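Subject: Structure handover

Hello,

The structure is placed below, followed by notes on what was found in it. Please read the notes with the model open.

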Amino acid sequence: MEGKKRDISAERRSFLRNMLSWTGAFIGASLLYPLFRFAGFAVKPKPRHIKVAAPLPVSGFHAERDFILFARGEQAWAVSRTCTHLGCRVNFLEDKQLIECPCHQSRFTEQGKRLRGPAERDLPVFAVAVQKDADGAITGYVVTI
């Protein structure tokens with residue numbers, strides 16, 4: 001009988017030890033979860049508004065450090081100059097009417113659509129606001145990055 005009591009009491013201690021371990025693990029995970037969420041948090045940068053004066057050159061495009069602005073009549077759009085493959089700065093080839101990465105020759109349309117790569121994604125396109133005067137003539141473009 002006494003041997004049976006020791007077995008039950010050992011089982012009870014083992015059960016309580018396991019319950020205490022699991023409870024401690026649960027409480028620890030509950031306390032660490034907000035810390036891990038905070039560590040992965042990143043504040044998005046404020047949008048930048050860059051003004052480009054009109055008229056654009058006869059070619060219909062204007063290259064800045066961060067974007068290439070295209071204007072065809074009333075339509076205007078801006079495409080990022082950062083290649084989606086490895087982040088090289090892309091260039092607009094006016095004679096071929098396409099955007100090309102000088103590092104690995106990824107090619108994109110004027111609208112930023114991927115033609116061939118190693119790049120697997122299209123170039124990001126930025127919002128462009130066309131500014132006009134009272135007569136309706138275009139005075140500038142505001143690109144929001």
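In this predicted model, strand β6 (residues 98-100) is joined to strand β7 (residues 107-108) by two bridges, and the two run antiparallel. Within that pairing, I99 has F108 of β7 opposite it. Strands and helices here are DSSP runs numbered from the N terminus, with at least two residues (E) for a strand and at least four (H or I) for a helix. Two strands are said to pair if DSSP finds at least two bridges between them. β6 and β7 belong to an open sheet of four strands, ordered β5-β6-β7-β8, with antiparallel pairing. Its edge strands, β5 (91-93) and β8 (114-116), each pair on one side only.

On conventions: residues are numbered from 1 along each chain as its sequence is written, and side-chain values use heavy atoms, with hydrogens and water left out. As the model is predicted, local features need pLDDT of at least 70 and side-chain atom pairs count only at pLDDT 80 or more, while totals for chains, interfaces and linings use all residues.

Overall layout

The protein has one helix and ten strands, in the order α-β-β-β-β-β-β-β-β-β-β from the N terminus. Its radius of gyration is 30 Å, well over the 15 Å that the globule rule gives for 145 residues, so the protein is more spread out than a compact globule. That radius is taken over C-alpha atoms, and the globule rule is 2.2 Å times the number of residues to the power 0.38. The C-alpha trace spans about 105 × 40 × 20 Å along the principal axes. Of the 145 residues, 26% count as buried. Buried means under 20% relative accessible area, exposed means over 50%, and partly exposed lies in between (1.4 Å probe, protein chains only).

Strands β1, β9 and β10

Strand β10 (residues 138-144) pairs with strand β1 (residues 49-53) in the antiparallel sense over five bridges. β10 also pairs with β9, again antiparallel, over six bridges. T144 in β10 is the bridge partner of H49, and A127 also stands opposite T144. β9 and β10 form a hairpin with five residues between them, and G136 in the turn has a positive phi of about 90 degrees.

Aromatic rings

Rings of Phe, Tyr and Trp (its six-membered ring) are paired if their centres lie within 6.5 Å; planes under 30 degrees apart count as stacked, over 60 as edge-to-face and the rest as tilted. By this rule there are four aromatic pairs. One of them, F61 with F70, is tilted, at 6.3 Å centre to centre and 35 degrees between the planes. Another, F70 with W77, is stacked, at 5.6 Å and 20 degrees. F61 and F70 are both buried, and W77 is buried as well. F61, F70, W77 and F92 make up one aromatic cluster.

Salt bridges

Six salt bridges are found in the whole structure, a salt bridge being a side-chain nitrogen of Lys or Arg within 4 Å of a carboxyl oxygen of Asp or Glu.

- R72 and E110 meet at 2.9 Å, N to O. R72 lies in strand β3 (residues 67-72) and E110 in the loop between β7 and β8, so the pair ties together parts that are 38 residues apart in sequence. R72 is partly exposed, at 32% relative accessibility, whereas E110 is buried, at 10%.
- E74 and K132 meet at 2.5 Å, N to O. E74 is in the loop between β3 and β4 (75-80) and K132 is in strand β9 (residues 125-132), 58 residues apart. E74 is exposed at 51%, and K132 is partly exposed at 44%.
- D122 and K113 have their closest N and O atoms 3.9 Å apart. D122 is partly exposed at 36%, as is K113 at 48%.
- R48, R65 and D66 are linked in a network of salt bridges.

Surface patch

F15, L16 and M19 form a nonpolar patch on the surface, with about 320 Å² of accessible area together. Patches are made of residues with over 30% relative accessible area and no salt bridge, with nonpolar side chains (Val, Leu, Ile, Met, Phe, Trp, Tyr) joined within 5 Å and like charges within 9 Å. Areas come from the Shrake-Rupley method with a 1.4 Å probe, and for residues only the protein chains shown count as cover. M19 is in helix α1 (residues 2-39) and counts as partly exposed, at 42% relative accessibility.

Regards
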